[in-house]
Amino acid sequence: MNVLVTGANGQLGREMRRASRGSESKFVFSDIVCVPGEDTVCLDITNPDEIRSAIERYNIDCIVNCAAYTNVDKAEDEEDTAALLNATAPGYLAAAMARVGGLLIHISTDYVFGGTPVCTPCRETQEGAPLGVYGRTKLQGEKAVIDSGCRYAIIRTAWLYSPYGKNFVKTMLSLLDTKPALKVVSDQIGSPTCAKDLAGAIMTVLASFAGGAEYTGIYHYSNEGICSWYEFACEIAALSNHDPSVISPCTSSEYPSKVTRPAYSVLDKTLIKDTFGIAVPHWKESLRECLAAMGIL
């Protein structure tokens with residue numbers, strides 16, 4: 001299988017580079033930005049002609065779409081750009097795969113939920129009710145993929161972090177080094193996801209499709225366990241030899257933001273575990289491994 005990975009220099013894309021080493025499939029990594037030392041094909045996924053050209057040139061059988069507009073607050077002011085990357089571009093990728101009978105693995109988000117209050121893990125069949133532009137455009141992207149008629153696996157994830165790029169773990173480490181006291185919201189509940197684990201799950205899904213399985217649909221993946229952002233921050237502090245007591249809980253109303261975030265967006269992972277035989281580690285275990293990879297443990 002020839003696999004094109006978009007957004008290859010982002011958090012998940014860089015973990016896909018590592019996860020794909022030794023794979024029997026051939027991987028082509030693309031982005032609109034280059035990272036020194038990484039082999040990257042320049043590809044604008046908002047240009048359908050460029051997508052078609054890349055598919056023909058590399059004889060692509062599958063696309064793993066890791067590219068997205070992910071700045072939740074900024075999306076409120078840049079809805080057109082967010083929609084282009086999160087809704088229109090996935091439709092282009094899906095249409096291109098439909099033309100060649102290929103597979104699209106598209107990464108989506110827990111932010112498609114939130115508008116309808118729940119207190120149990122969200123299942124794939126639950127209707128999306130996003131609270132802001134980011135979640136709304138990601139939900140539109142899911143619909144574009146489904147409506148294209150291509151073979152697809154949409155994987156929703158949450159609270160993604162890694163040693164790369166900008167994310168909550170790296171932000172907290174920086175703040176713990178520079179601030180005497182911090183406040184972190186305690187009334188938003190979810191499950192952190194280590195990008196390395198998600199990349200491994202994607203590789204398992206790819207291998208299943210490469211082996212002839214047909215499991216088109218929507219799946220959820222995050223690490224096991226549930227916590228608030230405050231609890232997540234305290235664990236980061238404890239593992240990195242900082243004092244968790246310098247972190248105080250606060251409510252979302254105390255934290256100014258242009259968009260309301262989901263109060264509870266825990267994802268039910270039963271389907272992806274049962275369908276593909278994926279074992280999901282607990283978020284505390286994965287956080288420890290990530291910090292060790294960063295040289296902090």
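Reader: Which strands does helix 6 lie across?

Author: Helix 6 (residues 195–210) lies across strand 1, strand 2 (26–31), strand 4, strand 5 and strand 6 (151–157). Helix 6 runs at about 165° to strand 6. Angles run from 0 to 180 degrees between N-to-C directions, with axes fitted to C-alpha atoms. Helices (H or I, at least four residues) and strands (E, at least two) are DSSP runs, numbered from the N terminus. This is a predicted model: local features need pLDDT of at least 70, side-chain atom pairs count only at pLDDT 80 or more, and totals for chains, interfaces and linings use all residues. Residues are numbered from 1 along each chain, and side-chain values use heavy atoms, without hydrogens and water.

Reader: Why are helix 5 and helix 7 called oblique to each other?

Author: Helix 5 (residues 168–178) and helix 7 (residues 229–239) pack at an angle of about 60°. Angles under 35 degrees count as roughly parallel, over 145 as roughly antiparallel, 65 to 115 as roughly perpendicular and the rest as oblique. Helix 5 and helix 7 are therefore oblique.

Reader: What makes the contact of helix 5 with helix 7?

Author: Contact means heavy atoms within 4.5 Å. Helix 5 brings Phe 168, Val 169, Met 172, Leu 173 and Leu 176. Helix 7 brings Trp 229, Phe 232, Ala 233, Ile 236 and Ala 237.

Reader: How do you know which strands are the edges of the open sheet?

Author: The order is 3-2-1-4-5-6-11, with parallel pairing. Two strands pair if DSSP finds at least two bridges between them. Strand 3 (41–42) and strand 11 (217–220) each pair on one side only, and they are the edge strands.

Reader: How many bridges join strand 1 and strand 4?

Author: Strand 1 (residues 2–6) and strand 4 (residues 62–65) pair over four bridges.
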